[in-house]
Amino acid sequence: MVRTEHDIAAQVQAAKTDSEAADALIRQYMGFIRSETVKFIHTAPENGHEDELSIAMLAFYEAVLAYEKSRGAFLPYAARAIRNRLIDHYRTEKRHGNVISLHTPLGGEEDGGELLDAIPDAVDHVEDYASRTASQREIQEFSEKLARFGLTFSDVADNCPRQERTFAACRRVLDFARSRPELLKRVEDTGKLPMNELASGSGTDRKTMERHRKYLAAILLAFTNGYEIIRGHLCQIAPAKGGSMK
Amino acid sequence: MNYLVMEVHPAYAVVLDEEGRFLKVANLRYQVGDTVQHIVELRRPQKKRPALWKPLSGLAGLAACLCLVFFGYYQPNFTPYGALRIQINPDVELTLSRTDRVLELEGLNEDGQALIEGYDYGGKDREDVTEELVERAIDLGYLSDGETVSITVSSADTDWQAREEQEARDALEKRYGETIVIQIGPASKDPPVTEVVIPVTPPEPTPEPVPEPSQEQTVPPAVTNDTDYDPGSDVVTGYQDTDYGPGADGISNYAPFDDGSYSDGVTDYEDRDDDQADDDPDDDDDRLEDDVDDAQNEDD
């Protein structure tokens with residue numbers, strides 16, 4: 001089927017807000033992304049350039065988000081975005097340039113193993129696997145709970161405050177809520193943020209809270225019962241170290 | 001900083017950092033539950049830029065429009081560019097814009113002020129106003145036949161000035177050229193620069209009475225067939241008289257000429273005269289007798 005530029009533009013427009021549509025679009029244009037990457041690295045991504053392919057995919061997604069009709073046809077625009085992103089990536093990688101690959105052959109012999117083989121494997125794979133499955137399970141649980149509120153992690157990430165001051169304000173709300181376990185309980189039960197209490201208690205502007213309510217809901221839910229691993233991960237959220245909640 | 005991978009998508013992963021931020025990063029073959037150190041964060045499109053210049057561009061557009069209106073419409077139409085002075089006896093000055101629009105009307109003497117009093121020049125151009133003013137001047141009795149209207153245009157732009165003068169004169173001449181004199185330049189005593197005099201034929205000449213003093217001043221001519229200059233002659237002189245037209249007095253002056261050599265006293269003309277002037281039948285006869293007497297006296 002012949003796809004016109006018009007179809008692509010409509011798809012891109014849909015993918016801007018809908019993360020599932022974005023995923024579908026990226027799957028559909030995987031060949032395009034791959035070809036653009038190959039044009040840049042001049043080899044198959046499988047030969048140790050998987051990261052570049054990932055960066056190219058991210059660049060494609062960024063292009064989807066940033067695309068406007070006034071910027072011309074989408075595919076040339078995306079190709080340019082991918083190229084620029086890969087160039088940027090190489091420049092940042094150059095900063096730690098004196099790093100040798102784990103795949104560097106040892107001692108120059110043909111049949112000798114690689115550097116990777118010579119490094120002692122300090123990681124306990126079994127424990128690692130266990131902890132990962134545990135956290136996977138917890139994240140899955142958390143995700144389901146968010147889904148009950150009609151949220152996905154993508155939504156939350158889009159809604160996350162990016163400015164430092166706003167982030168600090170959200171942190172104040174969180175700190176206040178953690179000192180009041182009954183508020184957290186109410187959030188969990190009703191699925192609504194008690195805006196008035198939170199605003200008056202934390203001294204945060206109501207409007208700021210409104211703007212970031214998805215993020216606030218997610219982070220408050222993370223501090224309700226369960227989610228030990230997630231809470232453990234958020235170790236830098238220092239005050240009232242979780243204990244009061246149990 | 002460690003990041004906990006929360007969700008993976010083909011193009012990106014959602015990770016949670018240790019401070020509680022949820023971030024979208026490049027999915028470098030992550031799996032949910034991984035903890036990673038180095039991430040490549042998603043760059044979000046900066047939406048602030050258009051918001052910054054958009055209202056400004058509107059403002060700039062508005063300013064450009066205003067400039068266009070000002071320089072294209074307002075300035076040629078509403079900025080004084082020159083002045084046109086009309087002098088009849090009333091002295092009136094029009095302030096004109098470049099596009100001939102009358103911006104101001106000023107009476108420079110009392111008659112001028114009287115002329116323009118109550119006259120609305122708003123929105124009219126030079127041609128209309130000059131014509132209407134001349135019309136008004138005629139109505140108010142300032143301007144009558146054969147009198148002179150002088151037009152003076154002054155402006156910094158000499159081309160425009162010359163053109164205006166020409167146009168104003170042509171327009172007036174076309175309408176009033178038959179009856180009045182249009183002159184360019186100030187109405188001074190000096191000879192005018194250009195003067196167009198159209199011979200005036202008065203449509204209703206008033207019959208002038210016989211000038212009495214001329215009778216004393218004039219001496220009787222040597223050869224007197226005509227007795228008009230005679231002290232005894234009581235009737236018209238015949239020079240200022242016309243026999244034609246509505247003002248004719250019915251007295252033809254041919255009769256005295258006729259009787260030059262043969263004064264038989266009977267002419268064809270006199271018959272007609274007698275018919276017409278029944279009330280005064282003796283008039284001509286008397287004259288004829290006088291004529292004869294005069295001739296006899298001179299012969300003596």
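I looked up how α3(B) passes α4(B) and found a right-handed crossing. (A crossing is left-handed if the near helix is turned anticlockwise from the far one by less than a right angle, and right-handed if clockwise.) The model is predicted: local features need pLDDT of at least 70, side-chain atom pairs count only at pLDDT 80 or more, and totals for chains, interfaces and linings use all residues. Residues are numbered from 1 along each chain as its sequence is written, while chains are lettered from A and ligands numbered from 1 in the order in which they are written.

I noted the residue ranges next: α3 of chain B covers residues 126-140 and α4 of chain B covers residues 158-176. Helices (H or I, at least four residues) and strands (E, at least two) are DSSP runs, numbered from the N terminus. The two helices pack at an angle of about 45°, with axes 10 Å apart. Axes are lines fitted to C-alpha atoms, for helices over the stretch in contact, and angles run from 0 to 180 degrees between N-to-C directions. That angle makes α3(B) oblique to α4(B). (Under 35 degrees counts as roughly parallel, over 145 as roughly antiparallel, 65 to 115 as roughly perpendicular and the rest as oblique.)

Which residues make the contact? From α3(B) I listed Arg126(B), Glu127(B), Thr130(B), Glu131(B) and Val134(B). From α4(B) I listed Ala168(B), Ala171(B), Leu172(B), Arg175(B) and Tyr176(B). Contact means C-beta atoms, placed from the backbone, within 7 Å.

I turned to chain A. Its α3 (residues 30-41) and α4 (residues 50-66) pack at about 125°, with axes 9 Å apart. That makes α3(A) oblique to α4(A). This crossing is right-handed. Among the residues of α3(A) that meet α4(A) are Ile33(A) and Ile41(A).

Next I checked the strands of chain B. β2(B) and β3(B) run antiparallel, joined by five bridges. (Strands pair if DSSP finds at least two bridges between them.) Ala13(B) stands opposite Val25(B) in β3(B). The hairpin has four residues between the strands, and Gly20(B) there takes a positive phi near 100°.

Is β3(B) mostly covered or uncovered? I found it mostly covered, with four of its five residues buried. (Buried means 20 or more other C-beta atoms within 10 Å of a residue's own, exposed 12 or fewer, partly exposed in between; C-beta atoms are placed from the backbone.)

Last, the interface. I found 28 residues of chain B in contact with 35 of chain A. β3(B) gives the largest share of chain B's side, four residues.

Definitions and conventions
Two residues are in contact if their C-beta atoms, placed from the backbone, lie within 7 Å.
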